[in-house]
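Subject: Structure handover

Hello,

Here is the structure I promised to pass on. My notes on it follow below.

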Amino acid sequence: MHIVLDLLLLLLVIVYAYIESVVKFFIPKRRKSVAGDTVLITGAGHGIGRLTAYEFAKRKSRLVLWDINKVKKEVGDVTILVNNAGAIYPADLLSTKDEEITRTFEVNILGHFWIAKALLPSMMRKNYGHIVTVASVCGHGVIPYLIPYCSSKFAAVGFHRALTAELEAMGKTGIKTSCLCPVFVNTGFTKNPSTRLWPVLETDEVARSLIDGILTNKKMIFVPSYASISFILEKLLPERALAAISRIQNIQFEALVGQKIKKK
């Protein structure tokens, strides 16, 4: 009898959630203030991190552009963490050096663990803060010649989702989480990227989308927003159809393949 009641309650929750989502779609989201918040941004000297720092500066946040040994002594408790630092080595697996694989994981995911563990205690004491994980669409779908990068970004998305669930389970609902998942961004780290279906993004566009997602406490931020559709289709379409979409998409960039630089 209890299971029947639980299932009926679940059905009501699902219906309510859909209605709530439709209503929220048409109502502008309220944006929180980050004035006075201490924001730590890793990888802030270039690309998305640099532009994100500018966006926070416009909103009168206190910025820490990364030196973990001096943070607490000089500025006190960090309230917003943007884990943005990243590493990428476009190459086929056999051409990728062991140290490049290690560095990719150290920067793209292990760093998220160490920094979060250092800064979470003060956030948890106050039940206040925001942790941003900068991942990629490569954390939801794979691209050839980026095996370590895709793997590390899948881990980053998993880190975000698991941390979000754990904070909720612990009752720390005042600590918000966001995960940024853009398509190719024109940062110079990937040479000559192109694709038929997605735009190659500029860093200022990505930074604005990230800030908007933080201010509205959005958990998963796809840039462009319609990129999420492809991952819904991946769960629904048969393998042959997905292969056809991949051919049409025609993602290309310079990569080391068989020890030679090629556009793949």
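Helices (H or I, at least four residues) and strands (E, at least two) are DSSP runs, numbered from the N terminus. This is a predicted model: local features need pLDDT of at least 70, side-chain atom pairs count only at pLDDT 80 or more, and totals for chains, interfaces and linings use all residues. Residues are numbered from 1 along each chain as its sequence is written, and side-chain values use heavy atoms, without hydrogens and water.

Pocket first. A pocket is an open set of points on a 1 Å grid over the protein atoms alone, where a 1.4 Å probe fits, with protein on both sides within 12 Å along at least five of seven lines; lining residues have an atom within 4 Å of a point. The largest pocket holds about 680 Å³, a volume being the space filled by probe spheres set on the points, which are joined across faces, edges and corners. It has 25 lining residues, and V142, I245, S246, Q249 and I251 are closest to its centre. Helices α7 (227-236) and α8 (239-249) each supply at least two of the lining residues. α7 gives the most, with six.

Now helix α4. T104 sits in this helix, residues 98-126. T104 counts as buried because its relative accessibility is 2%, and buried means under 20% relative accessible area (1.4 Å probe, protein chains only). Beyond four places in sequence, T104 contacts A87, Y89, I109, P148, Y149 and S152; contact means heavy atoms within 4.5 Å.

Best wishes

Methods:
Buried means under 20% relative accessible area, exposed over 50%, partly exposed in between (1.4 Å probe, protein chains only).
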